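This briefing is organised by topic, from the overall architecture to local details. Please read it alongside the sequence and coordinates shown next.

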Amino acid sequence: RDLVETGEEVKVKMEWIIPQQQKPSVVLYTSAGTDPEDSNSFLEPSFFNSTLPLLLPHLDALDIRFEVLDGLYVCEDHNAAANCHKSDFTFVNCTTAENGTNASLCAESCTNHGRYCFGDVDPGTQFDGAAVVKESARQRCTWDSVKSSKEKWSLWFSIAADIRRQCASADLSKLCSLQVHQAYSGVDFSDDTHDCVYNAGEYSSARNEVLEGQRTS
């Protein structure tokens, strides 16, 4: 204190030790509408078949979060939704637009009366943003059913990667998702996925608790 008051330079050395055995927790962000041709996705087979098995044993916890937009801020140009900036685009409040001039946009982009949306659908796909939101809920429910068991983490990656490859290029529907799930043992689509989405509020209620946890502005 005396040195500080006199204006003298004071050097403080701080040290701390991070236990070598401490494992990190990781959150991965994805979209159920990811382009199957996107080679940078962590759902690429080259990643989850080779890199992921090496990574998982060193993690303390892992979480998967999905891109679900807040219906208060949906781009009027919905094809640019993922790149929206409030100063550059006109925003639509889809939570109040069901009977307005933007009803069609909101119906295509959102579920749950405009509360949860996705607008950045790749051109040429045969599904809309609302389908991406629904698949996000299904995949999140599947993840919730396996995340407590490290041994099942790779199962989720395999299912999600197959949905991306088989469904996201054409028919991102409940039926396609079901067919992919049925090819795997260790997860039950009816109990672990469908019932989870239904119990969370499904897509017609004012709120879905699964999607609520994924929503970003």
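A residue counts as buried when its relative accessible area is under 20%, and as exposed when that area is over 50%; values in between are called partly exposed. By that cut-off Trp143 is buried, because its relative accessible area is 0%. The model is predicted, and the values below are computed from it.

**Overall architecture**

- The secondary structure of the chain consists of eight helices and eight strands.
- Of the 217 residues in the chain, 41% are buried.
- Considering contacts between residues at least 6 apart in sequence, 63% join residues at least 24 apart.
- The chain exposes about 12500 Å², and carbon and sulfur atoms supply 49% of that area.

**Aromatic pairs**

- A pair of aromatic rings is described by the distance of the centres and the angle of the planes.
- Four aromatic pairs are found in a search of the whole structure.
- One of them joins Trp143 and Trp153, with 6.2 Å centre to centre and 40° between the planes, which is a tilted arrangement.
- Trp143 belongs to helix H4 (residues 129-146) and Trp153 to helix H5 (residues 153-166), so this pair ties together parts that are 10 residues apart in sequence.
- Both Trp143 and Trp153 are buried.
- The ring centres of Trp143 and Trp156 are 5.7 Å apart and the planes stand at 75°, so this pair is edge-to-face; the cut-off for that class is an angle over 60 degrees.
- Because Trp143 lies in helix H4 and Trp156 in helix H5, the pair ties together parts that are 13 residues apart in sequence.
- Trp156 is buried, since its relative accessible area is 2%.
- Ring pairs link Phe66, Trp143, Trp153, Trp156 and Phe157 into a cluster.

**Packing of helices H6 and H7**

- Two packed helices are described by the angle between their axes and the distance between the axes.
- The axes of helix H6 (residues 174-181) and helix H7 come within 11 Å and cross at roughly 150°.
- Angles over 145 degrees count as roughly antiparallel, and H6 and H7 are therefore roughly antiparallel to each other.
- The crossing of H6 past H7 is right-handed.
- On the H6 side the contact is made by Lys174, Ser177, Leu178 and His181, and on the H7 side by Phe189, Thr193 and His194.

**Positive phi values**

- Most residues other than glycine have a negative phi.
- Asn112, a residue other than glycine, has a positive phi near 50°.
- Asn112 is located in the loop between strand E6 (110-111) and strand E7 (116-117).
- With a relative accessible area of 1%, Asn112 is buried.
- Glu202 is not a glycine, and yet its phi is positive, at about 50°.
- Glu202 is placed in the loop between helix H7 (189-200) and helix H8 (209-212).
- The relative accessible area of Glu202 is 30%, so this residue is partly exposed.

- Ala103 is part of helix H3 (residues 103-109).
- A relative accessible area of 23% makes Ala103 partly exposed.
- Ala103 and Gly114 are 11 residues apart along the chain, and their C-alpha atoms are separated by 9.4 Å.

How values were computed: Residues are numbered from 1 along each chain as its sequence is written. This is a predicted model: local features need pLDDT of at least 70, side-chain atom pairs count only at pLDDT 80 or more; totals for chains, interfaces and linings use all residues. Side-chain values use heavy atoms; hydrogens and water are left out. Helices (H or I, at least four residues) and strands (E, at least two) are DSSP runs, numbered from the N terminus. Buried means under 20% relative accessible area, exposed over 50%, partly exposed in between (1.4 Å probe, protein chains only). Contact means heavy atoms within 4.5 Å. Accessible areas come from the Shrake-Rupley method with a 1.4 Å probe; for residues, only the protein chains shown count as cover. Rings of Phe, Tyr and Trp (its six-membered ring) pair if their centres lie within 6.5 Å; planes under 30 degrees apart count as stacked, over 60 as edge-to-face and the rest as tilted. Axes are lines fitted to C-alpha atoms, for helices over the stretch in contact, and angles run from 0 to 180 degrees between N-to-C directions. Angles under 35 degrees count as roughly parallel, over 145 as roughly antiparallel, 65 to 115 as roughly perpendicular and the rest as oblique. A crossing is left-handed if the near helix is turned anticlockwise from the far one by less than a right angle, and right-handed if clockwise.
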